[in-house]
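These are my notebook entries on one protein chain. I set down what I looked up, entry by entry.

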Amino acid sequence: MAESKRRGEDAGDERLPEDAVVDDVADDDATSADEAEESVSRGGTATRKRARAESTEGRKTRKDTERIGLFARIARFFREVVAELRKVIWPTRKELLTYTAVVVTFVAVMLTIVAGLDYGFAKAVLFVFGNPS
């Protein structure tokens, strides 16, 4: 069973009917992708060189970053901050009040739980070790 599924061999149920039209462009893309994959699997470096070349094209040299002054970088930072804040979907007043109420209620519940546990553990420790007064 595993031998029939090897690369390059067609499985019996995956064959196209004889009258089916096949796009030659898709076959060319698949063939070139298979060839590139096989060359890398055999130890070829064609794909690796291309990936390395593409990664170095986008890099800026030190000279490019040194041309921008301190104040220009600060101004660009604030322009980018304003641009990002314009993308934010701000809540309506009703949503803001709802979210605030949920947070305040959650904090109050947690405060009550922690205070109750603290009081209970303090009483338990005093009971176990005795009250010095």
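**Entry 1: the overall fold.** I began with the secondary structure and found five helices and zero strands in the chain. From the N terminus on, the order of elements reads α-α-α-α-α. I note here that the model is predicted.

**Entry 2: burial and surface.** I then asked what share of the 133 residues is buried. Buried residues account for 1% of them. The accessible surface of the chain comes to about 12900 Å², and carbon and sulfur atoms contribute 61% of that surface.

**Entry 3: helix α5.** I looked up the extent of α5, which covers residues 93-129 and has 37 residues. From its first C-alpha to its last, α5 reaches 53 Å, close to the 54 Å expected at 1.5 Å a residue. The residue that follows α5 is G130, and its phi is positive, near 90°.

**Entry 4: salt bridges in helix α4.** My search for salt bridges gave a count of two.
- In one of them, E80 is joined to R76, with the closest N and O atoms 3.3 Å apart. Both residues lie in α4, four residues apart, which is about one turn of the helix. I recorded E80 as partly exposed because its relative accessibility is 42%, between the limits of 20% and 50%. R76 is also partly exposed, with a relative accessible area of 39%.
- In the other, E84 is joined to K87, and here the closest N and O atoms are 3.2 Å apart. E84 and K87 both lie in α4, three residues apart, again about one turn of the helix. E84 is partly exposed at 46%.

**Entry 5: aromatic rings.** How many aromatic pairs does the count give? It gives one. F77 and F78 form this pair, with 5.4 Å centre to centre and 70° between the planes. I classed the pair as edge-to-face because that angle is over 60 degrees. F77 is partly exposed, at 49% relative accessibility.

Entry 6: I checked where V88 sits and found it in the loop between α4 (70-87) and α5. V88 is partly exposed, with a relative accessible area of 36%.

Terms used
Residues numbered from 1 in each chain as written. Predicted model: local features only at pLDDT ≥ 70, side-chain atom pairs only at ≥ 80, totals over all residues. Heavy atoms only, no water. Phe/Tyr/Trp six-rings, centres within 6.5 Å; stacked < 30°, edge-to-face > 60°. Buried < 20%, exposed > 50% of the residue type's maximum accessible area, 1.4 Å probe, protein only. Helix = DSSP H or I, 4+ residues; strand = E, 2+ residues; numbered from the N terminus. Expected span 1.5 Å × (residues − 1). Areas by Shrake-Rupley, 256 points an atom, 1.4 Å probe, with all protein chains shown as cover. Salt bridge = Lys/Arg side-chain N within 4 Å of Asp/Glu carboxyl O.
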